[in-house]
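Please read this briefing alongside the sequence and the 3D structure shown below.

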Amino acid sequence: MRNKLLALLFLAAGAAFAQISIGITIGAPPPPRVVRVRPVAPGPDFFWVDGYWYPVGAHYKWHDGYWTRPPYVGARWIAPHHDGRQYFVGYWDGDHGRLEHDHKWDRDRDHRDYGHDHDHH
């Protein structure tokens, strides 16, 4: 009886620290769209972000490529990608650390998003 009680106690303690995760898996996105013409860069300090698929609910939506300025000198763009199991968003990385790209930042700082459809995000 004592062993059963001890086992029940361990099960109860384990359940108290268990985490439950619920998610929707929609699989990998379609292949990237082929872009035949890239608009001319609006200036020397602009960076082209290739178009990409991103998840919206239970499907993917296409985000056209666009010109933007990095958030700081030396920042490099890490493109969004799917590793076969999970989707990872794109972000800027460099000496000042990781920074999620925010299209509002572009517009607020007069950093023009040439070729960008603002309705996507």
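A28 is placed in the loop between α1 and β1, where helices (H or I, at least four residues) and strands (E, at least two) are DSSP runs numbered from the N terminus. This is a predicted model, in which local features need pLDDT of at least 70 and side-chain atom pairs count only at pLDDT 80 or more, while totals for chains, interfaces and linings use all residues. Residues are numbered from 1 along each chain as its sequence is written, and side-chain values use heavy atoms, with hydrogens and water left out.

- With a relative accessible area of 52%, A28 is exposed, the classes being buried under 20% relative accessible area, exposed over 50% and partly exposed in between (1.4 Å probe, protein chains only).
- Leaving aside neighbours within four places in sequence, A28 is in contact with Y60 and H82, contact meaning heavy atoms within 4.5 Å.
- A28 and Y87 are 59 residues apart along the chain, and their C-alpha atoms are separated by 7.6 Å.
- T25 also has its place in the loop between α1 (2-17) and β1 (47-49), and T25 is exposed, with a relative accessible area of 71%.
- From C-alpha to C-alpha, T25 and A58 are 7.7 Å apart in space, although 33 residues apart in sequence.

**The chain as a whole**

- The protein chain has two helices and nine strands, and from the N terminus on its elements run α-β-β-β-β-β-β-β-β-β-α.
- Of the 121 residues of the protein chain, 26% count as buried.
- The protein chain exposes about 9200 Å², of which carbon and sulfur atoms supply 57%; accessible areas come from the Shrake-Rupley method with a 1.4 Å probe, and for residues only the protein chains shown count as cover.
- Among the contacts in the protein chain between residues at least 6 apart in sequence, 47% join residues at least 24 apart.

- β2 and β3 pair in the antiparallel sense over five bridges, two strands being paired if DSSP finds at least two bridges between them.
- Across this pairing, W53 stands opposite W62 in β3, and V56 stands opposite H59 in β3.
- The hairpin of β2 and β3 has two residues between the strands, and G57 takes a positive phi near 65 degrees in this hairpin.
- G51 lies in the loop between β1 and β2 and counts as buried at 18% relative accessibility.
- Leaving aside neighbours within four places in sequence, G51 is in contact with W62, H63, D64 and G65, and the C-alpha atoms of G51 and Y66, which are 15 residues apart along the chain, are separated by 7.4 Å.

**The open sheet of β5, β8 and β9**

- Three strands form an open sheet in the order β5-β8-β9, with antiparallel pairing.
- β5 (76-78) and β9 (99-100) stand at the edges with a single partner strand each, so one side of each is left without a neighbour in the sheet.
- Strand β8 (residues 91-93) pairs with β9 in the antiparallel sense over two bridges, and L99 is the bridge partner of W92 in β9.

**The nonpolar core**

- The largest nonpolar core has twelve residues, among them V49, Y52, W53, Y54, W62 and W92; such a core is a set of buried Ala, Val, Leu, Ile, Met, Phe, Trp, Tyr and Cys residues joined through side-chain atoms within 4.5 Å.
- β2 (52-56) and β3 (59-63) are the elements that give two or more residues to this core, and the largest share, three residues, comes from β2.

**Aromatic rings**

- Six aromatic pairs are counted, under the rule that rings of Phe, Tyr and Trp (its six-membered ring) pair if their centres lie within 6.5 Å, with planes under 30 degrees apart counted as stacked, over 60 as edge-to-face and the rest as tilted.
- One of these pairs is formed by Y52 and Y54, which are edge-to-face at 6.4 Å centre to centre with 65 degrees between the planes.
- Both residues of that pair count as buried, Y52 at 11% relative accessibility and Y54 at 7%.
- F47, W77 and W92 are linked into a cluster by ring pairs.
- R98 lies over the face of Y91 at 3.6 Å from the ring centre, a charge sitting over a ring if NZ of Lys or CZ of Arg is within 6 Å of the ring centre and within 35 degrees of the ring normal.
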